[in-house]
Amino acid sequence: MSRMLLLPGDGIGPEVLAQAERVIEALNRDFGLDVEVQSALLGGASIDTYGTPLTAETLAQAKASDVILMGSVGGPKWSDTPFDRRPEQGLLDLRKGLSLFANLRPAKCFAALTDSSTLKPEVVAGLDLVFVRELIGGVYFGEPRGIEALADGGRRGFNTQSYTDEEVRRVARTAFELARTRSSRLCSVDKSNVMEAGLLWREEVTMLGASDYPDVDLSHMYADNCAMQLVREPRQFDVILTDNLFGDLLSDAAAMLTGSLGMLPSAALGESGKSSLYEPIHGSAPDIAGKDLANPCATILSLAMALRHGLERPDLAERVESAVARALDEGYRTAELTGGSHRVGTAAMGQAIIARLHA
Ligand SMILES: NC(=O)c1ccc[n+]([C@@H]2O[C@H](COP(=O)([O-])OP(=O)(O)OC[C@H]3O[C@@H](n4cnc5c(N)ncnc54)[C@H](O)[C@@H]3O)[C@@H](O)[C@H]2O)c1
Ligand SMILES: CC(C)[C@H](C(=O)O)[C@@H](O)C(=O)O
Ligand SMILES: [Mg+2]
């Protein structure tokens, strides 16, 4: 028996996670999955109940779980509170508290959605790349940070971009290992032309590649060029290794290559054998929350990643991914996706996927 913790969060989080939960129930009932599910509050929902976005109990519960599946956190209700009491801080504390340093964000264009991208079909058809985003370092966590009053009466906001050699090496290892299971090509993305932390990043990745992964074809790219190349010719990439902030930005941009932000799953991994966290890359989408409009595919595909990486059930991961592909092939589309023949809401999309688990 494996243990899974569900953290629905805020906005569309509970809506999309409810669909993933139905998939888990179906897998437990019909396909030999043996997962015990618990739920807890995270983000704004936790602030409203406990006054803090992540309680010590929930963190302990997460540590005691094999895998954690999260919806999304945040929203306008909490956007005026100090950083340490914002919903997003709960997620950052969870990632840090579990030492989840490597964030895999696959951007895959399903055949049925080739026409749903804002880019030409011939640019995105067959796209299949993965970001390996460093997740618990960089400017998100660097000190000092703050907003201070200046002598002239003005104010200064400041954050610190910081990486140690070991922080770079451990996430780079994940990326090199992943590249070996794919086409053995790795592109490391940084701003080593501008930042010392970027220069150290490039040097460490280069040294690690030369010493431990000479078989992997390593290239480097500046982050601004990478943003441009992603929309110019995205299929040149296979595995992209990058830092916390660039990975956040570039993965949202890459989402549109696949048709929608609502399609991209993610896996946050730490040391093997420890708990890992799975979540769609999108946010709480306050503009569509509570309307049965959200696309649950990213969350259901995140569950597939949990089955593959955390629960050692690659067979069930493939079953879930195939069910998503089939639902799309048969024309099921949530509101934000173009094309298709069955315009459905969040719950009906979940149902369409569950119905295709058996095929
Ligand atoms: N991992 C997370 O929990 C996470 C990620 C990103 C943003 N956020 C938070 O979410 C809140 C809203 O942020 P935002 O509006 O900038 O980003 P967002 O990702 O919530 O939404 C951006 C746009 O994409 C659409 N969208 C997102 N997910 C969708 C889905 N599954 N189906 C259909 N459409 C979808 C939204 O309707 C919106 O128009 C903020 O508080 C932000 O901090 C949380
Ligand atoms: C909500 C926020 C902390 C988070 C991030 O910036 O990492 C989100 O944008 C993401 O992509 O998971
Ligand atoms: Mg993001």
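## Two domains

Domain bounds here come from an automatic or database domain assignment. On that basis the chain splits into domain 1 (1–104 + 262–359) and domain 2 (117–258). Keep in mind that this is a predicted model, where local features need pLDDT of at least 70, side-chain atom pairs count only at pLDDT 80 or more, and totals for chains, interfaces and linings use all residues. Residues are numbered from 1 along each chain as its sequence is written, while chains are lettered from A and ligands numbered from 1 in the order in which they are written.

As for confidence, pLDDT is the predictor's score for each residue, from 0 to 100. The chain averages 97, and 100% of the residues score at least 70. For the complex, the predictor gives an ipTM of 0.98 and a pTM of 0.97.

Contact means C-beta atoms, placed from the backbone, within 7 Å of each other. By that rule, 14 residues of domain 1 meet 16 residues of domain 2. On the domain 1 side, helix 4 (87–97), strand 4 (102–108) and strand 11 (267–269) each bring at least two residues. Helices (H or I, at least four residues) and strands (E, at least two) are DSSP runs, numbered from the N terminus.

That side of domain 1 is made up of 10 nonpolar, 2 polar and 2 charged residues. Here Ala, Val, Leu, Ile, Met, Phe, Trp, Tyr, Cys and Pro count as nonpolar, Asp, Glu, Lys and Arg as charged, and the others, Gly among them, as polar.

## Around ligand 2

Gly74, Glu88, Leu91, Leu92, Asp248 and Ile281 surround ligand 2, each with its C-beta atom, placed from the backbone, within 6 Å of the ligand. Helix 4 makes the largest contribution to this shell, 3 residues. By type, the shell has 3 nonpolar, 1 polar and 2 charged residues.

## Inside and outside

The largest nonpolar core has 102 residues, and Leu69, Val132, Ile300 and Leu303 touch the most other members. Such a core is a set of buried Ala, Val, Leu, Ile, Met, Phe, Trp, Tyr and Cys residues joined through C-beta atoms within 7 Å. Helix 10 (residues 297–309) gives the most, 9 residues.

Glu148, in strand 6 (residues 146–149), counts as exposed because it has 10 C-beta neighbours inside 10 Å; the cut-offs are 12 or fewer for exposed, 20 or more for buried, and partly exposed in between.

Note on methods: Two residues are in contact if their C-beta atoms, placed from the backbone, lie within 7 Å.
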